[in-house]
Amino acid sequence: MMSRRNRRIGSGLVATASVAAIGIIPHSAAADPAPDPVQQYKDLTVQASQADEDLLNAQNDLTAKQSQLQQDTEQLARARQAEQQAHAAEDQVRGQVVQVTVGSFEGEQVNRISALLGGSSVQDFLDRASLLRTVAAHDTAALEKFQAATAQATAAQATAQDAARRAQDAATAAAQLVSTVSQRKQALQTQIAQVRLAMARLTAAQRKTLNNPGDTTTKFTAPSGVINTILQAALSRQGDEYVWGGSGPTQFDCSGLTMWAYAHGGITLPHSSSAQYQLGSPVASGQWQPGDLLFYGTSSNIHHVAMYVGNGEIVQAPTEGVPVQVVPISGGGSDYFGAKRIVN
């Protein structure tokens, strides 16, 4: 039977344990706050943008490899034709050399010497000697021509073999990239599906904050005629739909918009934000001019590009569900990486 003192101690332990438990439960709940659906949506769009970037880079690589394959195939055809012509020339000269050789063994050279020695006068001797020198020179020329033809045929054959190897390498690389493009398309579609599910969970108010039309009243201009043409082309697309891989004229992704706008100034850009970052001259932060391209991401993972329009703002094709808009530079993302000036 428990004593009165032991009962008091037991009661105290129970009470202490209860208080501790009460303190633990609220603390555990506070450590796991409900996820922000807007932030989830933004995080997923960044991931989808990277998948889109990977796909665009693979498609650009495939286009380049296909172009290289065509060039190598055409060069191979020319090399094989040159090889055939060189071998034909070699065979033709070989016949002349064989004729000279056979003639020598059959006594032709001996007959020539006999004819020379059998002259009836000094002038006759000189005439015959001149003729023999001409014949000897012709024989030497035939041999030299044969050697040159053989060397040309050997070189043409080596060129054709090299062209065949490069054409085969290009064909293999292109075939591998076709598979890569297919895989990246599937990965992008998976990411897009997740973005759309996240968007469906947003409230009307949350969607409104994302679909902010931005600055639609300010008139932005650039001093350069070409740059102003590019700038106005980009600004003219405000309100257009964002589409993964879109390049205009009414649907765009981020690099598709800048590519389309620069094309209006006669400048060709690749359809990839990371590839566009490889062009132009670096611009220090805060030294932007209208038309400069601003990039977001990291050195190994550039996933977004926008165009500076002035007044601390950019025009961009942001992401799924948000149209082309003019927003502050921070609207391009919290991971601003750098800027490039394509036209000085």
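**Before selecting**

This is a predicted model, in which local features need pLDDT of at least 70 and side-chain atom pairs count only at pLDDT 80 or more, while totals for chains, interfaces and linings use all residues. Residues are numbered from 1 along each chain as its sequence is written, and side-chain values use heavy atoms, with hydrogens and water left out.

**The whole chain**

Colour the chain by pLDDT (the predictor's confidence in each residue, from 0 to 100). The average is 78, and 74% of the residues score at least 70. Select residues 1–29: their pLDDT is below 50, and beyond near neighbours in sequence this stretch has one contact in the model (contact means heavy atoms within 4.5 Å). Where pLDDT is low, the predicted coordinates should not be read in detail.

Of the 344 residues, 35% count as buried; buried means under 20% relative accessible area, exposed over 50%, and partly exposed in between (1.4 Å probe, protein chains only).

**The largest pocket**

Select Lys-42, Thr-45, Gly-331, Gly-332 and Gly-333, which are the closest to the centre of the largest pocket among the 25 residues that line it. Its volume is about 680 Å³. On a 1 Å grid over the protein atoms alone, a pocket is an open set of points with protein on both sides within 12 Å along at least five of seven lines, a cavity is a set where a 1.4 Å probe fits but cannot get out, and lining residues have an atom within 4 Å of a point. Grid points are joined across faces, edges and corners, and a volume is the space filled by probe spheres set on the points.

Helix H2 (37–105), helix H5 (204–210), strand S5 (301–310) and strand S7 (325–328) each give two or more residues to this lining. The largest share, seven residues, comes from H2.

**The largest cavity**

One cavity of 30 Å³ or more is counted, and the largest cavity has a volume of about 50 Å³. Select its lining, which includes Ser-49, Asp-52, Tyr-242, Cys-254 and His-303. H2 gives the most to this lining, with four residues; helix H7 (254–263) and S5 each supply at least two.

**Two residues of H2**

Select Gln-50, in helix H2. Its side chain makes a polar contact (a pair of N or O atoms within 3.5 Å, one able to donate a hydrogen and the other to accept it; residues adjacent in sequence count only if both atoms are side-chain atoms) with the side chain of Asn-301, at 3.4 Å. Gln-50 also touches Ile-302 and His-303.

Move to Asn-57, likewise in H2. At 22% relative accessibility, Asn-57 is partly exposed. Leaving aside neighbours within four places in sequence, Asn-57 is in contact with Ser-272 and Ser-274.

**Two loops**

Select Pro-249, in the loop between strand S1 (241–242) and strand S2 (251–252). The peptide bond from Gly-248 to Pro-249 is cis, with omega near 5 degrees.

Finish at Asn-311, in the loop between S5 and strand S6 (313–316). Asn-311 has a positive phi of about 60 degrees although it is not a glycine, and it is exposed, at 63% relative accessibility.
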